[in-house]
Amino acid sequence: MSKVCQITGKKAITGNNVSHSKRRTKRKFNVNVFNRKFYWPEQGKWVRLTVSASGLRNINKMGLDAALKKAAAEGHLTEIMVIN
């Protein structure tokens, strides 16, 4: 599974490691993502999402249902794993 947040769409970006002598080598800045289970009361089901730290804050602020609808409208949400 790729390191992409399903709520915010954040993914890894590339940059440079810069040494003391100013030599530059490519590196990757990964996203702080977690696999978390959430209870979705509107559907009455548990869902598993890959979310970043900012995605968790968005869910806490807006609620799970509103965050999922917004992510689906923006195209970040590819699929939801439903756990019974």
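Guide: Welcome! Helices here are DSSP runs of H or I with at least four residues, strands are runs of E with at least two, and both are numbered from the N terminus. Asp 65 is found in helix α2, which covers residues 64–74. The model is predicted: local features need pLDDT of at least 70, side-chain atom pairs count only at pLDDT 80 or more, and totals for chains, interfaces and linings use all residues. Residues are numbered from 1 along each chain as its sequence is written, and side-chain values use heavy atoms, leaving out hydrogens and water.

Visitor: Why is Asp 65 called buried?

Guide: Buried means under 20% relative accessible area, exposed means over 50%, and partly exposed lies in between (1.4 Å probe, protein chains only). Asp 65 has a relative accessible area of 17%, so it counts as buried.

Visitor: And what does Asp 65 touch?

Guide: Contact means heavy atoms within 4.5 Å. Leaving aside residues up to four places away in sequence, Asp 65 touches Trp 40 and Glu 42.

Visitor: How do you know that the buried residues of α2 line one face?

Guide: Leu 64, Asp 65, Ala 67, Leu 68 and Ala 71 are buried in α2. Down the axis of α2, the buried residues fall within an arc of 165 degrees, so they line one face; the arc is that of the directions from the helix axis to the C-beta atoms. Lys 69 and Ala 73, on the other side of α2, are exposed. The cover over the buried residues of α2 includes β3, β4 and α1.

Visitor: What makes α1 a helix with one buried face?

Guide: The buried residues of α1 are Ser 54, Gly 55 and Ile 59. Their arc is 145 degrees, so they too line one face of the helix. Arg 57, Asn 60 and Lys 61 are exposed on the face turned away. The buried residues of α1 pack against β3, β4 and α2.

Visitor: Why are β3 and β5 said to stand at the edges?

Guide: Two strands pair if DSSP finds at least two bridges between them. β4 and β5 pair in the antiparallel sense over three bridges, and the open sheet has the order β3-β4-β5. β3 and β5 each have a single partner strand, so one side of each lacks a neighbour in the sheet.

Visitor: Which strands does α1 touch, and at what angle to β4?

Guide: α1 touches β3 and β4, and its direction makes about 135 degrees with that of β4. Axes are lines fitted to C-alpha atoms, for helices over the stretch in contact, and angles run from 0 to 180 degrees between N-to-C directions. Helix α2 lies across β3 and β4, at about 120 degrees to β3.

Visitor: What makes a set of residues a nonpolar core?

Guide: A nonpolar core is a set of buried Ala, Val, Leu, Ile, Met, Phe, Trp, Tyr and Cys residues joined through side-chain atoms within 4.5 Å. The largest one has 13 residues, and those touching the most other members include Ile 7, Phe 38, Val 51 and Leu 68. Its largest share, four residues, comes from α2.

Visitor: How do you know that β1 and β2 pair?

Guide: Six bridges join β1 (residues 13–18) to β2 (residues 24–29), and pairing calls for at least two, so they pair. Val 18 stands opposite Arg 24 in β2. Five residues lie between the strands of this hairpin, where Lys 22 takes a positive phi near 70 degrees.
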